[in-house]
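This report describes a protein complex, moving from the confidence of the model to its interface, core, helices, strands and loops. The sequence and structure are shown first.

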Number of protein chains: 2
Amino acid sequence: MLIVQKFGGSSVANKERILNVANRIVEEYKKGNDVVVVLSAQGDTTDLLIEKALDINPKPSKRELDMLLSTGEQQSVALMSMAIHKLGYPSVSLNANQVKIESSGIYGNARIKNIATSRIKLELEKRNIVIITGFQGINNFGDITTLGRGGSDTTAVALAASLNAQLCEIYTDVDGIYTADPRIIKNACKLEEISYDEMLELASLGAKVLHNRSVELAKKYNVKLVVRSSLTVAKGTLVREESKVEKMLVSGLALDKDVSRITVVGIKDMPGMAFKVFSLLAKENIVADIIIQSVGSMRLKDISFTIKRTDLENTLYILEKNKDFLGHDSVNYDSSVVKLSVVGAGIASNPSIAAKMFEALYDVGTNIRMISTSEIKISVLIDAGDSERAAQSVHDKLMEENINLNL
Amino acid sequence: MLIVQKFGGSSVANKERILNVANRIVEEYKKGNDVVVVLSAQGDTTDLLIEKALDINPKPSKRELDMLLSTGEQQSVALMSMAIHKLGYPSVSLNANQVKIESSGIYGNARIKNIATSRIKLELEKRNIVIITGFQGINNFGDITTLGRGGSDTTAVALAASLNAQLCEIYTDVDGIYTADPRIIKNACKLEEISYDEMLELASLGAKVLHNRSVELAKKYNVKLVVRSSLTVAKGTLVREESKVEKMLVSGLALDKDVSRITVVGIKDMPGMAFKVFSLLAKENIVADIIIQSVGSMRLKDISFTIKRTDLENTLYILEKNKDFLGHDSVNYDSSVVKLSVVGAGIASNPSIAAKMFEALYDVGTNIRMISTSEIKISVLIDAGDSERAAQSVHDKLMEENINLNL
């Protein structure tokens with residue numbers, strides 16, 4: 001069996017953890033499996049390197065930053081290979097250039113385009129454990145590009161897909177996917193399984209366990225993913241194609257604090273206005289999420305939407321600059337809001353879930369600012385001050401519901 | 001004009017020094033020159049990485065160590081490029097793989113086999129300052145190999161040769177080549193010029209300013225080398241082909257403390273015995289330096305030679321293991337010795353230099369254990385306790401001589 005294992009930065013932060021991980025890798029190898037390992041940079045190495053760069057140049061070129069940051073993963077893989085040798089097992093470390101992980105040309109946020117498998121297969125045939133740098137690729141110019149934060153998950157899934165691995169294990173500092181963030185919701189519980197689609201919604205809604213792009217890739221190539229802890233032997237959560245038999249109503253709850261609400265007031269009530277607004281934002285890579293349009297009165301209407309909080313300044317600037325073009329009266333915004341979402345394959349077929357969610361919010365006196373729904377998701381925008389109380393109330397109410405139906 | 005500039009680890013040890021070096025680089029660029037820069041890892045980065053490796057595995061694989069250590073230079077070049085951008089000038093950093101610096105397959109002590117120039121030339125045409133990682137190459141397997149300590153000098157000279165650079169400047173923490181180590185000999189003075197051959201003798205005899213291999217390369221490809229300080233604007237020392245006009249008698253004095261004397265006692269006085277001894281050592285990469293054979297008596301003779309002190313244990317082991325084969329009586333050795341050498345193009349044509357050297361040693365009561373001479377060198381083995389006094393006496397005597405003749 002061929003297994004791809006990915007370990008994050010905290011799992012290889014120091015000598016003891018490196019040796020601990022080396023032991024886990026060797027355990028799989030001793031069972032007769034082929035093992036390919038993907039590593040991130042140690043602990044806060046990436047942050048320290050960024051700090052060093054900013055100290056020299058507050059606006060470092062993204063190309064040079066990628067050149068600098070990619071050294072972190074290369075150090076991890078070399079040290080891990082030495083640790084495996086210490087345990088008496090054969091291994092070899094490879095960087096993105098040695099494997100040939102081809103990426104798009106965008107520095108700092110590249111995408112993997114292709115992975116050559118010949119060098120890896122050669123090393124596996126020699127019965128080597130193969131340790132590969134996560135987070136990086138080589139573009140058409142032969143330059144190093146990083147995949148953006150959390151990109152090592154994507155490297156692992158892309159490798160699993162390219163090598164037709166039977167399993168891709170993502171080791172992290174939590175022991176699986178929970179119904180909600182256990183640091184906020186005390187009775188959050190671990191899921192045994194979750195579908196790709198549900199995981200995607202959770203990932204994009206602020207559950208930071210898996211990098212979004214990695215789940216997309218896993219779904220596209222049907223890679224069997226397991227999320228588990230490098231510190232315990234707990235079983236973890238399996239992410240896979242939706243199981244038809246036991247469709248859970250709600251699999252999780254996510255709270256996204258990185259959000260601002262914007263309202264464009266008094267825009268003309270005629271076709272193409274929404275297109276105009278959102279194409280201006282799209283050009284600057286600003287993604288509008290929940291969008292609501294008020295019913296027009298006196299040939300004018302309001303358009304409200306949410307964006308990432310970091311995009312606020314830029315969005316306000318774009319709307320101001322294009323005021324004549326769009327012809328709106330004014331713009332107002334609110335950054336003291338959060339987005340609370342429930343995700344579950346059973347949502348579309350069970351309207352009572354939305355009702356239960358709204359009831360739970362009413363129970364704790366939370367006012368709903370905006371609502372957005374999809375086949376497997378209900379999101380509401382609420383005041384930031386209400387977020388934890390509201391999340392706990394919704395979680396409790398839906399847990400009850402789930403438990404009732406699972407009996 | 002195309003200039004290659006090399007800066008060592010201490011020249012880029014921190015932010016201030018990086019910005020200082022960036023300024024020097026830009027100065028050359030502003031004159032309209034094409035500038036290619038070679039950097040070592042910052043300060044004690046390499047030592048810290050080795051420490052980290054040894055902590056995980058006391059006998060790390062050389063391949064993995066090269067993978068680890070090569071990150072040090074990659075960080076240097078990325079940071080330097082950011083510093084140059086900060087000053088408002090265009091630059092790009094390249095690692096050994098991006099340039100394609102091809103090396104032999106020997107990890108930890110590789111040789112440069114070839115350097116492709118197309119990527120560098122492309123970047124120079126764009127008027128970029130090109131910053132290249134020293135100390136490393138890529139072997140036939142696509143793996144990273146380091147060139148051994150001081151290898152960045154070799155990278156710089158090899159680049160200058162490949163690119164037909166008009167000048168190769170080696171920046172270091174001393175401001176040139178001295179007639180002796182200024183930390184030991186108070187009145188040592190800086191040389192304006194020195195020939196490749198003299199520099200080679202000095203480098204291999206313990207003057208640690210330039211890496212031996214880099215001088216060999218410079219001689220082979222007739223690269224004009226200048227050694228100067230990155231901290232001052234002093235002119236430095238020019239290393240070039242021997243000037244026929246002003247042949248200096250003695251250009252320098254070197255003290256090599258990394259030496260042991262070995263005597264193989266009572267070996268048969270017949271042809272081939274020296275060959276047997278030294279081919280056994282050569283197989284283990286042990287270089288014997290001064291070799292003396294006593295006149296045979298009763299069909300037996302003694303062979304004495306010097307080796308690097310680090311090779312002592314291994315040499316004694318080899319001689320013991322082959323005692324039956326070589327048929328010697330015993331082996332004795334002495335590690336409390338040093339090798340003192342004078343180097344100069346005028347030595348062969350002026351026998352009085354050797355006489356003056358021996359007189360200077362006699363003046364301070366130093367006993368000479370072994371003597372070895374070449375066209376441009378006289379080396380003597382003396383007791384370690386005598387070394388500084390002896391060096392000062394020889395330096396003073398020969399300085400006098402030189403000054404007299406230069407008048």
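The model is predicted.

**Confidence**

The predictor assigns the complex an ipTM of 0.78 and a pTM of 0.80. Chain A has an average pLDDT of 88, and 94% of the residues score at least 70. Over residues 403-407 of chain A, however, the pLDDT is below 50, and this stretch has 1 contact in the model beyond near neighbours in sequence.

**Interface between the chains**

The contact between the chains draws 27 residues from chain A and 27 residues from chain B. On the side of chain A that touches chain B, helix H1 (15-30), helix H2 (45-56), helix H3 (62-86) and helix H4 (96-99) each supply at least two residues. H3(A) provides the largest share of that side, 13 residues. Sorted by class, the side of chain A that touches chain B comprises 10 nonpolar, 11 polar and 6 charged residues.

In chain B, helix H3 (residues 62-86) has 25 residues and reaches 37 Å from its first C-alpha to its last, close to the 36 Å expected at 1.5 Å a residue. Of the 25 residues of H3(B), 23 are buried, and the helix is thus mostly covered. After H3(B) comes Gly88(B), with a positive phi near 90 degrees.

**Nonpolar core**

In soluble globular proteins, nonpolar side chains tend to be buried together. The largest nonpolar core here has 201 residues, of which Val37(A), Met80(A), Val37(B) and Met80(B) touch the most other members. Leaving aside residues up to four places away in sequence, Val37(A) touches Gln5(A), Ile25(A), Met80(A), Ile129(A), Val130(A), Ile131(A) and Ile132(A).

**Strand pairing**

| Strand pair | Bridges | Direction |
|---|---|---|
| E9 (residues 167-172) and E11 (residues 225-229) of chain A | 5 bridges | parallel |
| E11(A) and E12 (residues 237-240) of chain A | 3 bridges | antiparallel |
| E13 (residues 252-256) of chain B and E18(B) | 5 bridges | antiparallel |
| E18(B) and E20 (residues 377-383) of chain B | 7 bridges | antiparallel |

In chain A, Tyr171(A) stands opposite Arg228(A) in E11(A), while Val227(A) stands opposite Thr237(A) in E12(A).

In chain B, strand E18 (residues 337-343) is mostly covered, with 7 of its 7 residues buried. In a regular strand the side chains alternate between the two faces of the sheet. Val337(B), Lys339(B), Ser341(B) and Val343(B) point one way from E18(B), Val338(B), Leu340(B) and Val342(B) point the other way, and all are buried.

In helix H8 (residues 212-220) of chain A, the buried residues include Arg213(A), Ser214(A), Val215(A), Leu217(A) and Ala218(A). H8(A) is followed by Asn222(A), whose positive phi is near 55 degrees.

Met273(B) belongs to helix H9 (residues 273-283) of chain B. Because 18 other C-beta atoms lie within 10 Å, Met273(B) is partly exposed. Met273(B) touches Ile267(B) and Lys268(B), when residues up to four places away in sequence are not counted. Between Met273(B) and Asn212(B) there are 61 residues in sequence and 31 Å in space, C-alpha to C-alpha.

**Loop residues with positive phi**

Asn164(A) is not a glycine, yet its phi is positive, at about 55 degrees. Asn164(A) is located in the loop between helix H6 (151-162) and E9 of chain A. Is Asn164(A) buried or exposed? Asn164(A) counts as exposed because it has 10 C-beta neighbours inside 10 Å, and the limit for that class is 12 or fewer.

Phe135(B), also not a glycine, has a positive phi of about 75 degrees. Phe135(B) counts as buried because it has 30 C-beta neighbours inside 10 Å, where 20 or more are required.

Terms used
Residues are numbered from 1 along each chain as its sequence is written. Chains are lettered from A and ligands numbered from 1 in the order in which they are written. This is a predicted model: local features need pLDDT of at least 70, side-chain atom pairs count only at pLDDT 80 or more; totals for chains, interfaces and linings use all residues. Helices (H or I, at least four residues) and strands (E, at least two) are DSSP runs, numbered from the N terminus. The expected span of a helix is 1.5 Å times one less than its number of residues. Two residues are in contact if their C-beta atoms, placed from the backbone, lie within 7 Å. Ala, Val, Leu, Ile, Met, Phe, Trp, Tyr, Cys and Pro count as nonpolar, Asp, Glu, Lys and Arg as charged, and the others, Gly among them, as polar. A nonpolar core is a set of buried Ala, Val, Leu, Ile, Met, Phe, Trp, Tyr and Cys residues joined through C-beta atoms within 7 Å. Two strands pair if DSSP finds at least two bridges between them. pLDDT is the predictor's confidence in each residue, from 0 to 100.
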